[in-house]
Amino acid sequence: MALAERVNRDANRELRARFDEVYGQYRQLRSGLDELQARLAKLRVTERSDDGQVTVVVGARGELVSVEVHPSVFHDRDAQALSRKITATVHRATTAAIAATQELIAGCVPAGSRSLDFLRTGDFGALLGRADAVMRGGERPA
């Protein structure tokens, strides 16, 4: 067997092994994403105001699902105070929902994922940093 033929065979074997590894990781990630999507669709976070007069429920993205106001809140007849109380409670619920969503996603994406960094920070630079480096010629695409 010629040296070139043996080198080609070895290279092909290594490439095939690497492909099998990457494809296995993809299949695992893909099945995990289906489960993640279902869990995120069901995620609800409930938060109550400090005095218990306002209860809000938000979804995985912090979207408002419901607001309940205890009848006693109307005795004060202070619409501005009620507005502040609802707003503060919704903000706390949204913050908790974002944290719960990040925790669920962290279990499904590779460590060091720029997608997870983007979810934490909202910084598109974190999401697109590698693409920017490739476009500037600083890094080769994988």
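Which element of the protein has the lowest mean pLDDT, and which the highest? In this predicted model, helix α4 (residues 124-136) has the lowest, at 70, and strand β1 the highest, at 97. Here pLDDT is the predictor's confidence in each residue, on a scale from 0 to 100. Helices (H or I, at least four residues) and strands (E, at least two) are DSSP runs, numbered from the N terminus.

**Basis of the model**

- Residues are numbered from 1 along each chain as its sequence is written, and side-chain values use heavy atoms, with hydrogens and water left out.
- Local features need pLDDT of at least 70 and side-chain atom pairs count only at pLDDT 80 or more, whereas totals for chains, interfaces and linings use all residues.
- The mean pLDDT of the protein is 83, and 89% of its residues reach 70 or more.
- Where pLDDT is low, the predicted coordinates should not be read in detail.

**The sheet**

- Three strands form an open sheet in the order β1-β2-β3, with antiparallel pairing; two strands count as paired if DSSP finds at least two bridges between them.
- Because β1 and β3 stand at the edges with a single partner strand each, one side of each is left without a neighbour in the sheet.
- From one strand to the next, the twist averages 15°; axes are lines fitted to C-alpha atoms, for helices over the stretch in contact, and angles run from 0 to 180 degrees between N-to-C directions.
- β1 and β2 are joined by five bridges, and R48 stands opposite T55 in β2.
- These two strands form a hairpin with five residues between them, in whose turn G52 has a positive phi of about 80°.
- Strand β2 (residues 54-59) also pairs over five bridges with strand β3 (residues 64-69), again in the antiparallel sense.
- T55 faces E68 in β3, while the bridge partner of V58 in β3 is L64.
- The hairpin of β2 and β3 has four residues between the strands, and G62 there takes a positive phi near 85°.

- Helix α2 (residues 79-106) has 28 residues and should span 40 Å at 1.5 Å a residue, which agrees with the 40 Å between its end C-alpha atoms; the expected span is 1.5 Å times one less than the number of residues.
- α2 lies across β1, β2 and β3, and runs at about 35° to β2.
- The buried residues of α2 include L82, K85, V90, A93 and L104; buried means under 20% relative accessible area, exposed over 50%, and partly exposed in between (1.4 Å probe, protein chains only).
- Q53 is found in the loop between β1 (44-48) and β2, and counts as buried because its relative accessibility is 13%.
- Among the residues that Q53 touches, not counting those up to four places away in sequence, are E68, V69 and K85; contact means heavy atoms within 4.5 Å.

- A search of the whole structure finds one aromatic pair.
- F19 and Y23 form this stacked pair, at 5.9 Å centre to centre and 10° between the planes.
- Rings of Phe, Tyr and Trp (its six-membered ring) pair if their centres lie within 6.5 Å; planes under 30 degrees apart count as stacked, over 60 as edge-to-face and the rest as tilted.
- Both residues lie in helix α1 (residues 3-42), four residues apart, about one turn of the helix.
- F19 is partly exposed, with a relative accessible area of 47%, and Y23 is partly exposed, with 42%.
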